[in-house]
Amino acid sequence: MRILITNDDGIHAEGLKVLTRVAKNFGDVVVVAPDYEKSACGHGMTLHDPLRVKETTLEDCPAYMVNGLPVDCVNVGLTVAYPNGCDLVLSGINNGPNLGFDVTYSGTVAGAMEGAINGIRSIAVSMAFFVGGAPLHYETGEWWLRENLGKLLELPHKPLTFLNVNIPAIAKEEIEGMKVVGMGKRVYEDRVERRDDPWGRPYYWQGGVVIMRPDEANTDVWAVSNRFVAVTPISLDWTDHAQIAELKSVY
Ligand code: MN
């Protein structure tokens, strides 16, 4: 199996090493990752600047460091490493959750999405911590993937979809199991903070407190809140098919 790995935390990120170590058990791995952290870059791509590619190695696998975003990395990888295509794109393991609406901001998810757009089976993987500054427990992610990635890969590949996997950042003994769930709602409160610079001019910094809605059952937010690994199949077709008939009835 020809495997392309990317992430949005950058080529030096611990989660990328963990994912590469696991993926090596399933086939030939090439890592193509941004030169530094590009989290929350969404599905952006670099059009107006050249992409520079530096060859290196990661966990004894060929690797390329790119001055671009995860989407750039997937497409550069398909050019320099797999000109005849590959069988699997893995993105992660992200150093934080990608739940609910996070998937629209996430560079990690965008990496998998770009794989799916290229017709390749793709999986995004994130460590979902509950408290800022708490340990990310990559060892739990490594253990879970070693046990379960093979099963996910045995499933038939549905084109133009990908999987979004969130592993609770807790000790593996505390993991209750796995749930196949839908996208939840994960909204941020007090998202933009106003501060003053040393010259008294205001500036704004985005962050904010995440409001989890674990009460909505069978969502990714609910699953990780209850110590389950959340596996969410995501379709590239964002059409609201229910509204098509409604709109057509008006226009
Ligand atoms: Mn990230």
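Mentor: One term to begin with: contact means heavy atoms within 4.5 Å. Keep in mind too that this is a predicted model.

Trainee: Fine. Which residues of H2 meet which residues of H4?

Mentor: On the H2 side they are Pro-70, Val-71, Val-74 and Asn-75, and they meet Gly-107, Ala-110, Gly-111, Glu-114 and Gly-115 in H4. Sorted by class, that contact has 4 nonpolar, 4 polar and 1 charged residues.

Trainee: At what angle do H2 and H4 pack?

Mentor: About 35°, and the axes of H2 and H4 are 8 Å apart. Their crossing is right-handed. For finding them on screen, H2 covers residues 70-80 and H4 covers residues 107-117.

Trainee: How many residues of H2 are buried?

Mentor: 8 of its 11 residues, so H2 is described as mostly covered.

Trainee: Which ones are they, and what covers them?

Mentor: The buried ones are Pro-70, Val-71, Asp-72, Cys-73, Val-74, Val-76, Gly-77 and Leu-78. The cover over the buried residues of H2 includes H4 and the strands E1, E2, E3, E4 and E5.

Trainee: Back to H4. Which strands does H4 lie across?

Mentor: E1, E5, E6 and E7, and H4 runs at about 170° to E6.

Trainee: What is Ser-106 in contact with?

Mentor: Asp-8, Gly-42 and Asn-98, leaving aside neighbours within four places in sequence.

Trainee: Now the sheet. What is the strand order?

Mentor: The sheet is open, has 9 strands and mixed pairing, and the order is E3-E4-E2-E1-E5-E6-E7-E13-E8. E3 and E8 stand at the edges with a single partner strand each, so one side of each has no neighbour in the sheet. From one strand to the next, the twist averages 20°.

Trainee: Can you show me what mixed pairing looks like here?

Mentor: Take E7. It is joined to E6 by 6 bridges, and E6 and E7 run parallel. On the other pairing, 6 bridges join E7 to E13, and those two run antiparallel.

Trainee: Are the residues of E7 buried or exposed?

Mentor: Buried: 8 of its 8 residues. In a regular strand the side chains alternate between the two faces of the sheet. In E7 both faces are covered, with Thr-161, Leu-163, Val-165 and Ile-167 on one side and Phe-162, Asn-164, Asn-166 and Pro-168 on the other.

Trainee: And E1 with E2, how many bridges join them?

Mentor: 4 bridges, with E1 and E2 running parallel. Ile-3 stands opposite Val-29 in E2.

Trainee: Which residues does Lys-54 touch?

Mentor: Not counting residues up to four places away in sequence, Lys-54 touches Ala-63, Tyr-64 and Met-65. Lys-54 and Met-65 are 11 residues apart in sequence, and their C-alpha atoms are 5.1 Å apart.

Trainee: Last one. What do E10 and E11 form?

Mentor: A hairpin, with 5 residues between the two strands. E10 and E11 pair in the antiparallel sense over 5 bridges, and Arg-194 stands opposite Tyr-204 in E11. In the turn, Gly-200 has a positive phi of about 80°.

Terms used. Residues are numbered from 1 along each chain as its sequence is written. This is a predicted model: local features need pLDDT of at least 70, side-chain atom pairs count only at pLDDT 80 or more; totals for chains, interfaces and linings use all residues. Side-chain values use heavy atoms; hydrogens and water are left out. Two strands pair if DSSP finds at least two bridges between them. Axes are lines fitted to C-alpha atoms, for helices over the stretch in contact, and angles run from 0 to 180 degrees between N-to-C directions. A crossing is left-handed if the near helix is turned anticlockwise from the far one by less than a right angle, and right-handed if clockwise. Ala, Val, Leu, Ile, Met, Phe, Trp, Tyr, Cys and Pro count as nonpolar, Asp, Glu, Lys and Arg as charged, and the others, Gly among them, as polar. Buried means under 20% relative accessible area, exposed over 50%, partly exposed in between (1.4 Å probe, protein chains only).
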